[in-house]
Amino acid sequence: MALAINVSSSSSAFSNSSFPSSELKAPQIGSLRLSDRINVSSVSLSLSGKRSSVKALNVQSITKESMVPLPQAASMVASEVTEEVDVIEVEDFEELAKKLETASPLEIMDKALEKFGNDIAIAFSGAEDVALIEYAHLTGRLYRVFSLDTGRLNPETYRLFDTVEKHYGIRIEYMFPDAVEVQGLVRNKGLFSFYEDGHQECCRIRKVRPLRRALKGLRAWITGQRKDQSPGTRSEIPVVQVDPVFEGLDGGAGSLVKWNPVANVEGNDVWNFLRTMDVPVNTLHAAGYVSIGCEPCTRAVLPGQHEREGRWWWEDAKAKECGLHKGNIKESGDGNATANVNGTSTVVDIFKSENVVSLSRQGIENLMKLENRKEAWIVVLYAPWCPFCQAMEASFDELADKLGGDGVKVAKFRADGDQKEFAKSELQLGSFPTILVFPKNSSRPIKYPSEKRDVDSLTSFLNLVR
């Protein structure tokens, strides 16, 4: 059960109803100077979780007549003290998520802003999540927006930030990475180390740590996560949850709530909404970019590719998360990422056409040993949890049906888990999916070099090498 605890009190000496726009941070607590000790109208003390309101005592010169016996003085002070016990509210956000499961994004956004007011903010990346700002604008409530400026965003993204600020009359609260950490990374490893040893270190410095600082000034945040963005890692995202990774303003587990208003909305519907409302969007979308991040790690996707395939394309599909939404990902027993909400997600096999041959380890080893085959083979090395393998399932099944009886065998080999090292060393596996063609008169397979995985492109390549 996911519970969040909100503590409130009927009296408080100090308050801070808003934060500076330049950076999200915890409210500053007032202080008392020594000179404030005389003729103070009221002082609020916080002791052991309780608040006591003590009435001010005027300081007077002490004379013999004014001195009071100690027991009597103690009872006089005690009579001046009134205790007000804090009210602790516990909310079950799992239950709230169930109630809002069929609600519209606008209803979910309105509920989020209503519950948290100035203690919640929208995380804006400069992509299609601009829809969140439009939804917030439509509620008529006040709202805040923050963004992570990694220092390596596309120029088009920076221009969108400026356009959005002017369109909605808001100021985006930008968070920046620590300059010393960035300097250390670049000096030690160079500007593009992520192409060699993975993107996680760079993302941790430029994105995750600035996000952590931002969230420490909030009690809730709003993201643009959708279930269809990454079927292998985000397929069971709830519309609201207690954030399992980051901490909020009060610190500790359960101190931050995460809202995902478009979790149940498909990408096409988001775009229909953006066009209908004439919302400003990133011009990179028109150039084939769907998921947009930093410039060195983002590129356009091709027809038949999943939208996340444009991110960190040199790495396995399971690595295509930067760490901002780590709480929605679970590592399965074989090290592959699966959706994590209640741990019940299962992996269903893919490429299920009757014309697709399923090869075992021994089967593909035998195929490799044959020098004079009766037929050419085209084999996909895949992992069923990989969203990019899932995206090409229809075209590969169609190819198998098209080539049935045409002198070409179409096959699949599951190359994750225990088979991954073998596939990398013997079958040229780089990332999923990898497609190999075994010609009739060659023992060595030929790796399909393109990311165009439609039927026509695969057929053309096959005709060239078969």
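Is D278 buried or exposed? D278 is exposed, with a relative accessible area of 61% (exposed means over 50%, buried under 20% and partly exposed in between, using a 1.4 Å probe and protein chains only). Before the close-ups, a word on the model: it is predicted, local features need pLDDT of at least 70, side-chain atom pairs count only at pLDDT 80 or more, and totals for chains, interfaces and linings use all residues. Residues are numbered from 1 along each chain as its sequence is written, and side-chain values use heavy atoms, leaving out hydrogens and water.

**View 1. Two residues with positive phi.** D278 has a phi of about 55° although it is not a glycine. Look for D278 in the loop between α9 and β12 (329-331); helices (H or I, at least four residues) and strands (E, at least two) are DSSP runs, numbered from the N terminus. F351 isn't a glycine either, yet its phi is positive at about 60°. F351 sits in the loop between β13 (337-339) and β14, and is buried, with a relative accessible area of 1%.

**View 2. Helix α4 meets helix α9.** Here α4 (residues 130-139) packs against α9 (residues 267-276) at an angle of about 55°, with the axes 10 Å apart. Axes are lines fitted to C-alpha atoms, for helices over the stretch in contact, and angles run from 0 to 180 degrees between N-to-C directions. The two helices are therefore oblique to each other (under 35 degrees is roughly parallel, over 145 roughly antiparallel, 65 to 115 roughly perpendicular, and the rest oblique). On the α4 side, V130, A131, E134, Y135 and L138 make the contact, and on the α9 side V270, F273 and L274 do; contact means heavy atoms within 4.5 Å.

View 3. Five strands line up as β14-β16-β15-β17-β18, with mixed pairing; two strands pair if DSSP finds at least two bridges between them. At the edges are β14 (356-358) and β18 (446-447), each pairing on one side only. β14 runs parallel to β16 (residues 408-414) over three bridges, and V357 stands opposite A411 in β16. Helix α10 (residues 361-369) packs on the sheet, touching β15 (376-382), β16 and β17 (434-438), and its direction makes about 140° with that of β15. Helix α12 (residues 393-403) lies across β14, β15 and β16, at about 150° to β16.

**View 4. A cis peptide bond.** The bond from F432 to P433 is cis, with omega near -10°. You'll find P433 in the loop between α13 (420-426) and β17.
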